Amino acid sequence: MKQNMREAMLYEKLPDSRVRCHVCQWQCAIAPDKLGVCKVRQNREGKLYTLNYAAVSSAAVDPIEKKPLFHFFPGSQVFSLGGWGCNFHCQDCQNWQIACVDGLPSGSQTILPEAAIEATRSHHCAGIAWTYNEPAMWFEYTLDSARLARQNKLYTVYVTNGFLTAEALDLIGPFLDAWRVDIKGFSDDIYRKLAKVSKWRGILDVAKRAKEKWGMHVEVVTNIIPTMNDDEEQLKGIADWIRNELGELTPWHVTRFHPHHLMSHLPPTPTSTLERAMDIGHKAGLRFVYAGNIPGHPGENTACYSCGNLIIRRQGYQTELLGLKDSHCKFCGADLNIRTSIIERCD
Ligand code: SF4
C-alpha cells in the first residue's frame with residue numbers, strides 16, 4: 001500500500017540503477033524492480049524503498065518477561081508490535097506466517113509512530129517493543145517511533161536476531177534501551193543449518209557495540225534444539241563469549257524448543273538438557289542463567305549470586321519482586337544488573 005512505502009534511509013546507489021542496502025549484514029545489492037533477501041525492501045527505478053513502514057502484523061500488551069527480559073523493568077507491561085518479513089529463514093521459526101512474506105501482504109493494519117506511542121500510553125505500558133518478527137525489517141519505522149518514545153519517557157526494546165549493521169545500530173542507538181538478542185549457536189555450521197546464514201559473527205560484534213557504545217541493557221536467548229545446538233561445544237562457546245565480552249552479570253536464557261515449522265520432526269527439549277545448559281552457563285561464570293518455556297521450573301527465578309536470597313520469583317508470567325533495591329540485592333547490596341529506569345544518552 002502507498003502509505004506504507006517510504007524511501008529507505010540506509011542505502012547507496014550502484015552502477016546500472018542497482019542499490020546496496022545497509023540495514024542488515026546481508027548488505028543486499030538489489031537490481032531494479034527486485035527485492036532484498038527480506039522481501040520487504042525494493043529497488044524502484046534506482047531508489048531503495050521500504051514497503052512496510054508502519055505496517056503492523058500483530059499488536060499486544062505483554063509482560064516484559066515474555067520477550068524474555070528478566071532484568072529490565074521487571075513486572076512491567078510492554079506494548080509489543082510486530083511487522084512483516086525477516087532477513088533469516090529459521091527452520092524453527094515460531095512466527096513464519098508473518099516472517100515469510102513476499103512484499104507487503106494485504107490485510108495489514110497501519111499504526112503510525114504517533115498512534116503507537118498513544119496506544120502504549122493508553123494501555124498503561126512502561127515502554128514499547130518491536131518483536132514477533134525481526135525489527136530491522138521496518139528499521140525506519142522503529143527509529144521514528146523510538147525517538148518519540150524517548151520524548152514520552154517510555155522505554156524501547158528490540159527483540160532481534162542481531163544481524164543489523166553497525167551503521168543501523170548507531171542510528172537507533174541513542175533511542176534504544178534494551179537489546180534482546182538471539183545467539184543460536186556458536187559455529188558457522190549451526191547458523192547455516194538453522195538460519196541459512198553463513199557469516200554470523202557480526203551478530204556478536206553488534207551486541208557488544210549495543211552494550212559498550214550505547215549503554216543498552218543486553219540479554220541473550222538460545223533456543224535449544226535437540227541434536228542441533230544442544231552439544232557442549234555450542235553451549236560452552238556461547239556462555240564463554242557472553243562471560244568474556246558482555247560480562248558475568250548478563251542474563252542468558254536457555255529456552256525449550258517446541259516442534260514447529262520445518263522442525264516438527266524433532267522432539268521438544270528435555271528439561272534435563274536445559275538444566276545441563278544452565279550448568280554450563282554457571283560453570284562459565286555467568287551469574288544469571290534462566291530456563292525458559294518450562295513454567296514452574298525454579299530456573300525462572302532470580303537469586304542473588306552473593307547471599308543466595310530470592311530476589312524475583314516468577315511463575316509463568318506472574319512476577320513477584322522480593323529483594324530488589326534499585327539495581328541491587330536489598331539483603332547484601334550485590335549489583336544484580338537489573339535496570340529499572342531509563343538512562344539518558346546523547347544523540
Ligand atoms: S534489510 Fe537486509 S535483507 Fe533486507 S534488503 Fe536490506 S540488507 Fe537485504
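Strands (E, at least two residues) and helices (H or I, at least four) are DSSP runs numbered from the N terminus. The model is a predicted one, in which local features need pLDDT of at least 70 and side-chain atom pairs count only at pLDDT 80 or more, while totals for chains, interfaces and linings use all residues. Residue numbers start from 1 along each chain as its sequence is written.

What covers the two faces of β14 can be read residue by residue. In a regular strand the side chains alternate between the two faces of the sheet. On one side of β14 lie His 217, Glu 219, Val 221 and Asn 223, and on the other Val 218, Val 220, Thr 222 and Ile 224; all of these are buried.

The strand belongs to an open sheet of eight strands with mixed pairing, in the order β8-β9-β11-β12-β13-β14-β15-β16. The edges are formed by β8 and by β16 (289–292), each of which pairs on one side only. Direction ignored, neighbouring strands of this sheet are turned by 20° against each other on average. Two strands are taken to pair if DSSP finds at least two bridges between them. Strands of a sheet pair through backbone hydrogen bonds, either parallel or antiparallel.

On one flank, β13 (residues 178–182) pairs with β14 in the parallel sense over five bridges, and Trp 179 has Val 218 of β14 as its bridge partner. Strand β13 is also joined to β12 (residues 155–160), by four bridges and in parallel; there, Val 159 is partnered by Arg 180 of β13. Strand β15 (residues 252–256) likewise pairs with β14 in the parallel sense, over five bridges, with Thr 222 standing opposite Val 254 in β15. From β14 the chain crosses through α7 to β15, and this β-α-β crossover is right-handed (with the strands pointing away from the viewer, the path from the first strand over the helix to the second runs clockwise).

Helix α6 (residues 202–212) packs against α7 at an angle of about 35°, with the axes 11 Å apart. Axes are lines fitted to C-alpha atoms, for helices over the stretch in contact, and angles run from 0 to 180 degrees between N-to-C directions. The crossing of α6 and α7 is right-handed, a label given when the near helix is turned clockwise from the far one by less than a right angle, with anticlockwise being left-handed. In this contact Leu 204, Ala 207, Lys 208 and Lys 211 of α6 meet Trp 241, Glu 245 and Leu 246 of α7, two residues being in contact if their C-beta atoms, placed from the backbone, lie within 7 Å. These residues divide into four nonpolar, no polar and three charged. The classes are nonpolar for Ala, Val, Leu, Ile, Met, Phe, Trp, Tyr, Cys and Pro, charged for Asp, Glu, Lys and Arg, and polar for the others, Gly among them.

Helix α8 (residues 271–284) also packs against α7 at about 35°, with the axes 9 Å apart, and this crossing is right-handed. Leu 235, Lys 236, Ala 239, Asp 240 and Arg 243 of α7 make the contact with Ala 277, Ile 280, Gly 281 and Ala 284 of α8. By class, five of the residues are nonpolar, one is polar and three are charged.

Some backbone details are worth a look too. Asn 337, in the segment after β21 (328–329), has a positive phi near 50° and is partly exposed, with 19 other C-beta atoms within 10 Å. The peptide bond from Lys 67 to Pro 68 is cis, with omega near -10°, and Pro 68 is found in the loop between β8 (58–63) and β9 (77–82).

Note on methods. A residue is buried if 20 or more other C-beta atoms lie within 10 Å of its own, exposed if 12 or fewer, and partly exposed in between; C-beta atoms are placed from the backbone.
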